[in-house]
Amino acid sequence: GAEWWTLALDTVNENKKNNGDDDADSEEEDDEVGMHFDADYGLEAQLPNFMLHPRIATVTYLSNVGVPTLILNKRSPAPVDVEKKSLNGSIEKGWLSCPMVGKHICFDGRFLHGAPGTFF
């Protein structure tokens with residue numbers, strides 16, 4: 001199976017920000033995608049603490065604007081890790097992908113990722 005979703009970001013906020021509009025900063029959070037694991041969350045609702053992840057997660061950019069995608073080498077906790085202790089500790093590797101028209105990236109579907117606008 002496959003799942004896909006789209007995210008449309010408002011470039012009007014970028015134009016306001018570049019023109020010195022103070023309201024653009026307060027709306028910046030709207031351009032982010034919080035850190036998350038890709039998973040079948042409907043299945044997790046049926047089987048608590050069980051997350052089925054895609055083998056490969058992908059991101060395809062359709063524009064040159066937006067927040068970069070941050071991918072961290074931190075895997076989703078295994079079902080036996082009920083207390084999610086595997087999320088503790090350091091993250092030793094990460095990747096940052098900036099938007100560019102037609103760019104397509106792939107990574108392990110169990111990795112923590114997102115586009116945290118607060119940091120960029």
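**Close-up views of a predicted protein chain**

**View 1. Ile71 sits in strand S3 (residues 69–75).** Strands (E, at least two residues) and helices (H or I, at least four) are DSSP runs, numbered from the N terminus. The model is predicted: local features need pLDDT of at least 70, side-chain atom pairs count only at pLDDT 80 or more, and totals for chains, interfaces and linings use all residues. Residues are numbered from 1 along each chain as its sequence is written, and side-chain values use heavy atoms, with hydrogens and water left out. Ile71 has 6% relative accessibility and so counts as buried (under 20% relative accessible area; exposed is over 50%, partly exposed in between; 1.4 Å probe, protein chains only). Leaving aside neighbours within four places in sequence, Ile71 is in contact (heavy atoms within 4.5 Å) with Gly94, Trp95, Ile105, Phe107, Phe111, Leu112 and His113. Ile71 and Leu112 are 41 residues apart along the chain, yet 6.1 Å separates their C-alpha atoms.

**View 2. Asp108 belongs to strand S5 (residues 104–108).** Asp108 is counted as buried because its relative accessibility is 18%. Its side chain makes a polar contact of 2.7 Å with the side chain of Arg110. Such a contact is a pair of N or O atoms within 3.5 Å; within protein, one must be able to donate a hydrogen and the other to accept it, and residues adjacent in sequence count only if both atoms are side-chain atoms. Not counting residues up to four places away in sequence, Asp108 touches Arg55, Ala57 and Arg75.

**View 3. Leu52 lies in the loop between helix H3 (41–46) and strand S2 (56–60).** Leu52 has a relative accessible area of 46%, so it is partly exposed. Leu47, Phe50 and Leu52 make a nonpolar surface patch of about 250 Å². Patch residues have over 30% relative accessible area and no salt bridge; like charges are joined within 9 Å, nonpolar side chains (Val, Leu, Ile, Met, Phe, Trp, Tyr) within 5 Å. A salt bridge is a side-chain nitrogen of Lys or Arg within 4 Å of a carboxyl oxygen of Asp or Glu. Areas come from the Shrake-Rupley method with a 1.4 Å probe; for residues, only the protein chains shown count as cover.

**View 4. Helix H2 (residues 22–26) has the lowest mean pLDDT among the elements of the chain, at 50.** pLDDT is the predictor's confidence in each residue, from 0 to 100. Over residues 24–28, pLDDT stays under 50. Where pLDDT is low, the predicted coordinates should not be read in detail. Strand S4 (residues 94–97) has the highest mean among the elements, 97.
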